[in-house]
Amino acid sequence: MYFFVNERVAEQGSGIEHAQVQRGLLFRKNEVSFKIVTRTYTQTGHRDILAWNINDAELINLFDYYAQTEYVPEHPVHAQDVDWGGRTPAILEPDEKNPEVTMVWEDNEKN
């Protein structure tokens, strides 16, 4: 197995990241096992590797490895699922410019 060590793999990566990913894809094509090892915690790391056509089995983040959270099923969290500290916001509405974002208002004046 070959390991490519880097600080992180971002969605819009550097030349080094690009070269590692391309080398990894070549290894995959020739059925040679490899892992990209990252050492910096990134919240979006698992999502970012999808842009490179790399799957979770081909990536090891050291924070995920030591916390044993390499394979956690993804589930969406909505504003209705959040504990707002015992109080319910008055208004939950989607953002007009970005429908994936929910605007949360504490009162009817939208303060």
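Here is a short chat about the strands, a salt bridge and the pockets of this predicted model.

Colleague: Before we start, what are the ground rules on numbering, pLDDT and atoms?

Modeller: Residues count from 1 along each chain as its sequence is written, and side-chain values use heavy atoms, with hydrogens and water left out. As the model is predicted, local features need pLDDT of at least 70 and side-chain atom pairs pLDDT 80 or more, while totals for chains, interfaces and linings use all residues.

Colleague: Okay, in which order do the 3 strands of the open sheet come?

Modeller: Strands are DSSP runs of E, at least two residues, and helices are runs of H or I, at least four, numbered from the N terminus. Two strands pair if DSSP finds at least two bridges between them. Here the pairing is parallel, and the order is β1-β2-β3.

Colleague: Which residue forms a salt bridge with glutamate 58?

Modeller: The rule wants a side-chain nitrogen of Lys or Arg within 4 Å of a carboxyl oxygen of Asp or Glu, and the count comes to 1 salt bridge. The closest N and O atoms are 2.6 Å apart, and the partner is arginine 28.

Colleague: Is glutamate 58 buried or exposed?

Modeller: The classes use relative accessible area with a 1.4 Å probe, protein chains only: buried is under 20%, exposed over 50%, partly exposed in between. Arginine 28, at 31%, is partly exposed. Glutamate 58 has 11%, so it counts as buried.

Colleague: What is the volume of the largest pocket?

Modeller: A pocket is an open set of points on a 1 Å grid over the protein atoms alone, where a 1.4 Å probe fits, with protein on both sides within 12 Å along at least five of seven lines; lining residues have an atom within 4 Å of a point. Points join across faces, edges and corners, and volume is the space filled by probe spheres set on them. It comes to about 740 Å³.

Colleague: Which element gives the most to the lining of the largest pocket?

Modeller: There are 28 lining residues, with Gln43, Thr44, His46, Arg47 and Glu74 nearest the centre. With 3 residues, the top contributor is α2.
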